[in-house]
Amino acid sequence: MVSGSEWLVRVVVIEEKVLDSCFTVGLAEDEYGEGRYLAFQCGLEGPGEQERTLGLDSYCVINETGGVYYGGVENVCLSANRILFRFASEAVEKLDLPTGEINLHIAPESDVESLRGGLRRVLTYGNPEKLPSVLQL
């Protein structure tokens, strides 16, 4: 049923870490970190001059390959049981994604409303040029 670009999200984690000064939305296949995952992070405060100078002035995406990319989500569409991400080609390369379009099925017990709010918070953070052009949350 699922391929490298299509998988089932069984774990959704949304957390604010004051000590690390970051907000995270995590989507994972399993609770043990054995499968695929995508984590979206942003700062608790707007990016500073140093982040802007280094190009780290946006949300970042992290996945199980160890890839990290700042920005890179072009489109995101969330429904009650599915979320579709379209990534920029450079993000696909840096994150070692199988394709630019990742279609995730959301387990029925997931809190989709919290996911919606968390993704909205992360994906609207920072540099306007790095924000998704389509944000259907």
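**Talking through a predicted model**

Biologist: Which strand is the place of N63?

Modeller: This is a predicted model, so local features are read only where pLDDT is at least 70. With that said, N63 falls within residues 60-63, and that stretch is strand β5.

Biologist: Is N63 buried or exposed?

Modeller: Buried means under 20% relative accessible area. N63 comes in below that cut-off, so it counts as buried, with a relative accessible area of 1%.

Biologist: And what is N63 in contact with, leaving aside its neighbours within four places in sequence?

Modeller: Start with E29, which is 34 residues away along the chain: the two C-alpha atoms are separated by 12 Å. The contacts of N63, sequence neighbours within four places left aside, are Y37, L38, L95 and L97.

Biologist: You brought up E29. Where is E29 found, and which side chain joins it in a polar contact of 2.7 Å?

Modeller: E29 sits in the loop between β3 and β4. Beyond four places in sequence, E29 touches W7, L8, R10, G35 and R36. The 2.7 Å polar contact runs from the E29 side chain to that of R36.

Biologist: G33 has its place in the loop between β3 and β4 too. Is G33 buried or exposed?

Modeller: For exposed, the relative accessible area has to be over 50%. G33 has 53%, so the call is exposed.

Biologist: How many residues of β3 are buried?

Modeller: Strand β3 covers residues 22-28 and is mostly covered. C22, T24, G26 and A28 point one way, while F23, V25 and L27 point the other way, and both sets are buried.

Biologist: What does β3 pair with, and how many bridges join it to β4?

Modeller: On one hand there is β2 (residues 11-17), antiparallel to β3 and joined to it by seven bridges; V13, for example, has G26 as its bridge partner. Four residues separate β2 and β3 in a hairpin, and S21 in the turn has a positive phi of about 55°. Strand β4 (residues 37-43) also runs antiparallel to β3, with G43 as the bridge partner of C22. The number of bridges between β3 and β4 is seven.

Biologist: C22 makes me think of sulfurs. How many disulfides does the structure hold?

Modeller: Take C42, which is buried at 5% relative accessible area. The closest cysteine sulfur to that of C42 is in C22, 8.1 Å off, which is too far for a bond. C77, for its part, counts as partly exposed, with 25% relative accessibility. The count of disulfides is zero.

Biologist: Over to the five-stranded open sheet: which strands stand at its edges?

Modeller: The order is β1-β9-β8-β7-β10, with mixed pairing. The edge strands each have a single partner, so one side of each is left without a neighbour in the sheet. Neighbouring strands here are turned by 20° against each other on average, direction ignored. The edges are β1 (6-9) and β10 (134-136).

Biologist: Inside that sheet, what is the bridge partner of N75?

Modeller: Strand β7 (residues 73-78) and strand β8 (residues 82-87) run antiparallel and share five bridges. The partner of N75 lies in β8, and that residue is R86.

Biologist: Which helix lies across β7, β8, β9 and β10?

Modeller: The helix in question spans residues 112-123 and runs at about 160° to β7. One of its residues, R116, is buried at 17% relative accessible area and, sequence neighbours within four places left aside, is in contact with L78 and L137. The helix is α3.

Biologist: Last one: which element gives the largest share of the largest nonpolar core?

Modeller: That core has 31 residues, and F40, V73, F85, F87, L104 and L119 have the most contacts inside it. At least two residues each come from β1, β3, β4, β7, β8, α2 (89-95), β9 and α3. L104 has W7, V9, L27, L38, N81, R82, I83 and F85 among its contacts beyond four places in sequence. The largest share is five residues, and the element supplying it is α3.

Terms used. Residues are numbered from 1 along each chain as its sequence is written. This is a predicted model: local features need pLDDT of at least 70, side-chain atom pairs count only at pLDDT 80 or more; totals for chains, interfaces and linings use all residues. Side-chain values use heavy atoms; hydrogens and water are left out. Buried means under 20% relative accessible area, exposed over 50%, partly exposed in between (1.4 Å probe, protein chains only). Two strands pair if DSSP finds at least two bridges between them. Axes are lines fitted to C-alpha atoms, for helices over the stretch in contact, and angles run from 0 to 180 degrees between N-to-C directions. Contact means heavy atoms within 4.5 Å. A nonpolar core is a set of buried Ala, Val, Leu, Ile, Met, Phe, Trp, Tyr and Cys residues joined through side-chain atoms within 4.5 Å. A polar contact is a pair of N or O atoms within 3.5 Å; within protein, one must be able to donate a hydrogen and the other to accept it, and residues adjacent in sequence count only if both atoms are side-chain atoms. A disulfide is a pair of cysteine sulfur atoms within 2.5 Å.
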